[in-house]
Amino acid sequence: MTKTDMQAKIISTVRQVKETCPLVPSITNTVTINLVANAQLAVGGSAAMVYLPDEGEGLAMAGDAMYINMGTCFPVYAESLPRTARRLIEQNKPWVLDPVGIGLGGLRTEILLQFRELKPTIVRGNASEIIALANLWGLETGMAQDGVRGVDATDTVMAARQAAEAMADFIDGAVAVSGEADLVTDGEQTALSEGGSELFTKITGAGCSLGGVTAVYAAAADPFTAALTAVQAYNLAGTRAAAQAAGPGSFEIAVRDALYQATPEDIAGNPFRFI
Amino acid sequence: MTKTDMQAKIISTVRQVKETCPLVPSITNTVTINLVANAQLAVGGSAAMVYLPDEGEGLAMAGDAMYINMGTCFPVYAESLPRTARRLIEQNKPWVLDPVGIGLGGLRTEILLQFRELKPTIVRGNASEIIALANLWGLETGMAQDGVRGVDATDTVMAARQAAEAMADFIDGAVAVSGEADLVTDGEQTALSEGGSELFTKITGAGCSLGGVTAVYAAAADPFTAALTAVQAYNLAGTRAAAQAAGPGSFEIAVRDALYQATPEDIAGNPFRFI
Amino acid sequence: MTKTDMQAKIISTVRQVKETCPLVPSITNTVTINLVANAQLAVGGSAAMVYLPDEGEGLAMAGDAMYINMGTCFPVYAESLPRTARRLIEQNKPWVLDPVGIGLGGLRTEILLQFRELKPTIVRGNASEIIALANLWGLETGMAQDGVRGVDATDTVMAARQAAEAMADFIDGAVAVSGEADLVTDGEQTALSEGGSELFTKITGAGCSLGGVTAVYAAAADPFTAALTAVQAYNLAGTRAAAQAAGPGSFEIAVRDALYQATPEDIAGNPFRFI
């Protein structure tokens, strides 16, 4: 695919979301749940969040795509997450997994192991998370399993390239690795999206809300296009927001404004390249 | 009642809240819980949120009014919500129900059916939610039960007028229907409040926080006055915030500022009319 | 200790946090969880929030310090909070307790009684909460136990001095009492920090996020220095934010920006005095 073809796909994806307002429910963590919903609304989607098993199943059926984020697990997740994922797969609905906090606690590991069979369409995480999940699933990463440190990446994006490509092959979807530049791959083609801002590391929920927006675009495009469109939107919004922000508070607000204002052409025009 | 009489009541309600800072606890959803509390504080109330049954009962007794929002149900809600509502009724305390997500899942439906007997003082929702709740309670709506789509209204406000009036009669309180204009009724008199902004649909929690603010005013006024005062405050704040916002992020911040700055006279002066 | 010595300690604490980015996990309430994380990031720490018992234990071991806030208790807290506190003590890790909502409900009281033995390193609360906790633990306060009203202080900071000093002695740590001025004591020395803004009472989470930031500084300093550094940072940020805010929304954003921008010398230079 040429870069120009890719840009045309991004433009079409952004436009379709703005026109159709897809419903993209989430089961997601309480820390950043508000920003996830707000980011999804800003780009033109519709949001709905739940915790209970039958509500997850109901939204898997009602929604156009879904977002599952592993942060702040509750006991009921033992049922809610597998049942919701199973319904998504039955319905052939795209869904995005964000394996936040991988390595911490028994329930999280047990559910992430179940997702090896209940395969997500797109996985989004930082380099450490993607490498850890690839190791948990027994994929080839060329790396030892990494520890988890808060929700920060301690590995660089390029170090996770092999893990990301192996995972994208395994799920027959796409993987997005967040970092200074963002790597997106479907196992055959791999792109790096640039821009953004260091201030993304000084707000909570940059990654989570990117995951939620990725799910919105997954309602309107193939996995690779959806994942790349979302990181392009975030890198553009981060660049624009950083230019006017006095710190992380005003940055977060400006990111929401910029996600809302960005045209399809703006998002396609953010710097990226195939590698 | 003349419009001038109504305005005098609104002024008195807003003033009383600012002077007495009523305690208005909530059991509310995790997506927008922060904005609910912040909006309640901005208009002069005091907030407190809980999940557990005995804590709900304790706050029903300690508070001046209460807000119950059905979003993001937890398993413990099966006990917490009915026990809290029962205590509110025993104590003759006003409370506001926001039937977010009606139609989704077994627990939500079961609890909303219990609220048919444990009647709220005020119900606030969008047109689809009000029609769905009226249908669930077997009231005359002149409409078939509507599906649920995210938290958006798919029905117009005026289409919900009959359902809202029947519900207000049934609970012997007031019903507020959010939309392009906001309808408030106690079954005998019905008003439409105007203003606001399309940007309210691009932030999460506009409706939830309006519900929380409605409960604050319910601590100081009859149900109809409380519901109308709250929508007047929101429409005014939305109009003012939209005039300076660059997008949904700065809009949300400006709404909080505007709720705080609005004088009693400003709120009474927002356009509304009896219909 | 002279004021100049104290300022040198504050400067060193702020600098060390900015350089080492300590991981400071929390079990904290859903109302303000986002602001807690964002404030911790703004001052240079790293955040992670959980609810489950083994996850609390895991983070007690992985973290450099921890924050436990009693707001919005879930049923699982009956296990999570004591097990996490026990692990913190075994590991000799500093932790901050915020007894929000003390007096409400059975579980909260039961857990707070367990914390009499599983002693926190620092307790942070408003005057009413500190007096209530001292009474619950049977310490000398010179006051009757106070009721709880929302999350506001109904007692003044100075009225809680005796309770705070007795509690600091009892836990062999420090106690911070929030109010118009903030009192910090380790039982031997007591300081008052000034500044801040009345607008802190019009946003939710000012106290909670101050608690989270206190835990960040506790990763880098003794309890008294950590608690004083945090209130100094908040009072400085509040003063600066109030100078440019139009209301509580823009104030909250400006506080986050100001926490991020404040230099070690700025924070040490905020007015305080030993009393």
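I take two strands as paired if DSSP finds at least two bridges between them. Helices (H or I, at least four residues) and strands (E, at least two) are DSSP runs, numbered from the N terminus.

**Ground rules.** This is a predicted model, where local features need pLDDT of at least 70, side-chain atom pairs count only at pLDDT 80 or more, and totals for chains, interfaces and linings use all residues. Residues are numbered from 1 along each chain as its sequence is written, chains are lettered from A and ligands numbered from 1 in the order in which they are written, and side-chain values use heavy atoms, with hydrogens and water left out.

**Sheet, chain A.** I looked up the strand order and found an open sheet of 8 strands, β1-β2-β3-β4-β5-β6-β7-β8, with mixed pairing. At its edges are β1 (26-27) and β8 (272-274) of chain A, each pairing on one side only. I then checked β7 (residues 190-193) of chain A, which is antiparallel to β8(A) and joined to it by 3 bridges. A:S193 faces A:F272 of β8(A). I also noted that α4(A) lies across β1, β2 and β3 (95-98) of chain A, at about 150° to β2(A); such angles run from 0 to 180 degrees between N-to-C directions, with axes as lines fitted to C-alpha atoms, for helices over the stretch in contact (heavy atoms within 4.5 Å).

**Positive phi.** Most residues other than glycine have a negative phi. I found A:T72 with phi near 35°, in the loop between β2 (66-69) and α4 (77-90) of chain A. A:T72 is buried, at a relative accessible area of 1%. C:C21 has phi of about 45° and sits in the loop between α1 (3-20) and β1 (26-27) of chain C. C:C21 is partly exposed, at 22%. Buried means under 20% relative accessible area, exposed over 50%, partly exposed in between (1.4 Å probe, protein chains only).

**Helix α10(A).** I looked up residues 248-261 of chain A: 12 of the 14 residues are buried, so the helix is largely enclosed by the rest of the structure. The buried ones include A:F251, A:I253 and A:R256. Their cover includes α2 (33-42) and α9 (223-242) of chain A, α10 (248-261) of chain B, and α2 (33-42) and α10 (248-261) of chain C.

**Chains A and B.** I read 30 residues of chain A in contact with 28 of chain B. The buried area (accessible area, 1.4 Å probe, lost on putting two parts together, summed over both) is about 2300 Å², 61% of it from carbon and sulfur atoms. I counted 2 salt bridges (side-chain nitrogen of Lys or Arg within 4 Å of a carboxyl oxygen of Asp or Glu) between these chains. B:E252 and A:R256 form a salt bridge at 2.8 Å, N to O.
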